[in-house]
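Subject: Structure handover

Dear colleague,

Please find the structure below. My notes on it follow.

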Amino acid sequence: MYEVRRRNVVRPPGADEEVTRLVRAAAEGDHQAWDALVARYVALLWSIAFRHGLNESDAADVVQNTWLRLFEHIDDVREPARIGAWLATTAQRESLRIVAQRQRVVPSDDAATFDGADRLQAPLDEALLAREQGAAARAALETLPPTWRSLVELLTQDPPLTYEQIGADLGVPIGSIGPTRGRCVRRLRALVAD
């Protein structure tokens, strides 16, 4: 079992009344009372935030959010004399919220971490993609001059034809097939890329 240690806090006479007066005055919009509360408890809030290992920016958020919570709920505080405990508890909760949030987000400068397909996205429909690419290739092929179109069709036969067979079918010299094929490929690439 854990032993619970309680510290007997001895407050100077009238301290509870002074804090109660400050809380009630702040609730009524007294700026000086707010300033007095901030001056009295701001160091406590910073120490709680830093005790959770927060950096200065996150600790500042804890302190600011704690004061914001007090501003929003100052009329609901049941024991104004114990506003220090209320602020400490709120700062503790805000600190824990930021610590938990920091554990969920893992910053990385490793570009490889984000390479690859997004697993949350639907996988590409390979058949649809192939149909779209095939349609684009056929449309580009239709724009070629008839001799070039025939050459491409003969070059893509399965089983492949020899240059001698293609030259005989088209009635062109074998030496012109390679350069014409190169021009066809460049034109098709340009048409499909557009």
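A pocket here is an open set of points, on a 1 Å grid over the protein atoms alone, with protein on both sides within 12 Å along at least five of seven lines. A volume is the space filled by probe spheres set on the points, which are joined across faces, edges and corners. The model is predicted: local features need pLDDT of at least 70 and side-chain atom pairs pLDDT 80 or more, while totals for chains, interfaces and linings use all residues. Residues are numbered from 1 along each chain as its sequence is written, and side-chain values use heavy atoms, without hydrogens or water.

The second largest pocket has a volume of about 190 Å³. Its lining (residues with an atom within 4 Å of a point) consists of His-73, Asp-76, Val-77, Arg-78, Glu-79, Arg-82 and Trp-86. By class, 4 of these are charged, 2 nonpolar and 1 polar.

Helices are DSSP runs of H or I with at least four residues, numbered from the N terminus. The axes of H6 (residues 146–155) and H7 (residues 163–170) come within 11 Å and cross at roughly 145°; axes are lines fitted to C-alpha atoms over the stretch in contact, with angles from 0 to 180 degrees between N-to-C directions. In contact (heavy atoms within 4.5 Å) are Ser-150, Leu-151, Leu-154 and Leu-155 of H6 with Tyr-163, Ile-166, Asp-169 and Leu-170 of H7.

Asp-58, in helix H3 (residues 56–73), is buried (under 20% relative accessible area, 1.4 Å probe, protein chains only), at 18%. Beyond four places in sequence, Asp-58 contacts Ile-98 and Arg-102.

Regards

Notes. Helix = DSSP H or I, 4+ residues; strand = E, 2+ residues; numbered from the N terminus. 1 Å grid on protein atoms, 1.4 Å probe; cavity = no way out; pocket = protein on both sides within 12 Å on 5 of 7 lines; lining within 4 Å. Nonpolar A, V, L, I, M, F, W, Y, C, P; charged D, E, K, R; others polar. Buried < 20%, exposed > 50% of the residue type's maximum accessible area, 1.4 Å probe, protein only.
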